[in-house]
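My notes are below, in the order I looked things up.

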Amino acid sequence: MLSFRYRLFAWSSFVGMFLVLLAGALVTKTGSGRGCGDDWPLCNGKFVPAYTVESFIEYSHRFVTGIVGIIVVLTFWYTWRYLRQHREAAAYAGGTLLFTIVQALMGAAAVKWPQQPAVMALHFGISLLAVASSMLLVAWCYRADNKTEPHFSRQFPKSVYIAAWGIWVCCYGVVYLGAYIRHTGTEGACMGWPLCNGQLIPYLSGASGIVFAHRAAAAVLLLLLAGLHILVRRAFRNRRADSSSGTVTALALAIAQIMSGALLTATIADENAYLFASLLHNVLATLLFGVLTDIAIRSWKHRMH
């Protein structure tokens, strides 16, 4: 049985990393990336900057990142000090720390030297990996306490783990495209949903082509997830019913994610509603990616030989 202190560390890291990711998305959506000028770690040359909305949002993001960074370091230290024999826990805690450091350095570099949207989208992708690692540590704690892992030992056929990892890559690509669109500010290139500017297949050059590609990739991801669910159900036909619970959750999140994308399009003219829809879109994408990461790792870990 894991200690309450360690489970608290794991949950704090996960919730904290989630807040860091959302705070970063808020910075992007409100155009507050230059709220502290080109100073880092200070804000406009001050430890406590003069108040503006942009500086408050940007500096709050930095402050939250700093506090969460300390929690992540403590979680890794505790894992390495007391649980290093559990390689999964050490890998997840180490991964959270690594990706947190990388995304913080990329954030600092973006302040000092403004980056291209493709690089800034990668910044979001690194943050996503940090959140997924912290989420995996929470899941590991739950399974270690409840001893649920042995039910799946060596049961996943090769087709399942190959499909799971392929879908994981596809999901990362979909999320990256969405982050790229957000950083280029081209969300309005496709008006309407599910049609794009009144067309099933719009002109595929420029911003509308990128937005349409994101939508099409999301639809493909949903179909792939449905296929994975069927594959898992067939592989576990006479086994425990909860063997496919992960794919059911992933399907539900993917559908909700697509619906939140439709909400984004519907609220684009209302600044406050659009900001809410955008943050919701980010929350669902993060949860979906975390669940798919868990499915992929478990299918590999407990694969048939």
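These entries go from the overall fold to single residues.

**Ground rules.** I am working from a predicted model, where local features need pLDDT of at least 70, side-chain atom pairs count only at pLDDT 80 or more, and totals for chains, interfaces and linings use all residues. Residues are numbered from 1 along each chain as its sequence is written, and side-chain values use heavy atoms, with hydrogens and water left out.

**Overall fold.** I looked up the secondary structure and found eight helices and zero strands. Helices here are DSSP runs of H or I with at least four residues, strands are runs of E with at least two, and both are numbered from the N terminus. Along the sequence the pattern reads α-α-α-α-α-α-α-α. The protein has 305 residues, and 46% of them are buried. For my own reference, buried means under 20% relative accessible area, exposed means over 50%, and partly exposed is in between (1.4 Å probe, protein chains only). The exposed surface comes to about 15,500 Å², with 68% of it supplied by carbon and sulfur atoms; areas come from the Shrake-Rupley method with a 1.4 Å probe, and for residues only the protein chains shown count as cover. I also checked contacts, meaning heavy atoms within 4.5 Å. Of those with a separation of 6 or more, 75% are between residues 24 or more positions apart.

**Salt bridges.** How many salt bridges does the structure hold? I found two, using a side-chain nitrogen of Lys or Arg within 4 Å of a carboxyl oxygen of Asp or Glu as the test.

- Glu88 pairs with Lys301 at 2.2 Å, N to O. Glu88 sits in α3 (residues 87-112) and Lys301 in α8 (residues 271-301), so the pair links parts of the chain 213 residues apart. Glu88 is partly exposed at 23% relative accessible area, and Lys301 is partly exposed at 37%.
- Asp294 pairs with Arg143 at 2.7 Å, N to O. Asp294 is in α8 and Arg143 in α4 (residues 117-146), 151 residues apart. Asp294 counts as buried at 15% relative accessibility, and Arg143 counts as buried at 15%.

**Helix α8.** I took a closer look at this helix. α8 has 31 residues and reaches 45 Å from its first C-alpha to its last, close to the 45 Å expected at 1.5 Å a residue; the expected span is 1.5 Å times one less than the number of residues. Asp270 caps the N-terminal end of α8, with a side-chain oxygen 3.3 Å from the backbone nitrogen of Asn272. His281 is also in α8 and counts as buried, at 17% relative accessibility. Leaving aside neighbours within four places in sequence, His281 is in contact with His214, Gln257, Ser260, Gly261 and Leu264.

**Nonpolar core.** Here I mean a set of buried Ala, Val, Leu, Ile, Met, Phe, Trp, Tyr and Cys residues joined through side-chain atoms within 4.5 Å. The largest core has 61 residues, and those touching the most other members are Tyr6, Leu137, Trp140, Leu225, Leu288, Phe289 and Leu292. Elements giving two or more residues to this core include α1 (4-29), α2 (53-82) and α7 (245-266). The largest share, 13 residues, comes from α4. Leu288 touches Cys171, Leu221, Leu225, Ala250, Leu253 and Ala254, not counting residues up to four places away in sequence.

**Ser13.** Is Ser13 buried or exposed? Ser13 lies in α1 and counts as buried, at 3% relative accessibility. The Ser13 side chain makes a polar contact with the Thr75 side chain at 2.8 Å. A polar contact is a pair of N or O atoms within 3.5 Å; within protein, one must be able to donate a hydrogen and the other to accept it, and residues adjacent in sequence count only if both atoms are side-chain atoms. Besides Thr75, Ser13 touches Ile71, Val72 and Ser134, not counting residues up to four places away in sequence.

**Loop between α5 and α6.** Last, I checked the backbone. Most residues other than glycine have a negative phi, and most peptide bonds are trans. The bond from Trp193 to Pro194 is cis, with omega near 10 degrees, and Pro194 lies in the loop between α5 and α6. Asn197 is found in the loop between α5 and α6 and has a positive phi of about 55 degrees although it is not a glycine. Asn197 is partly exposed, at 38% relative accessible area.
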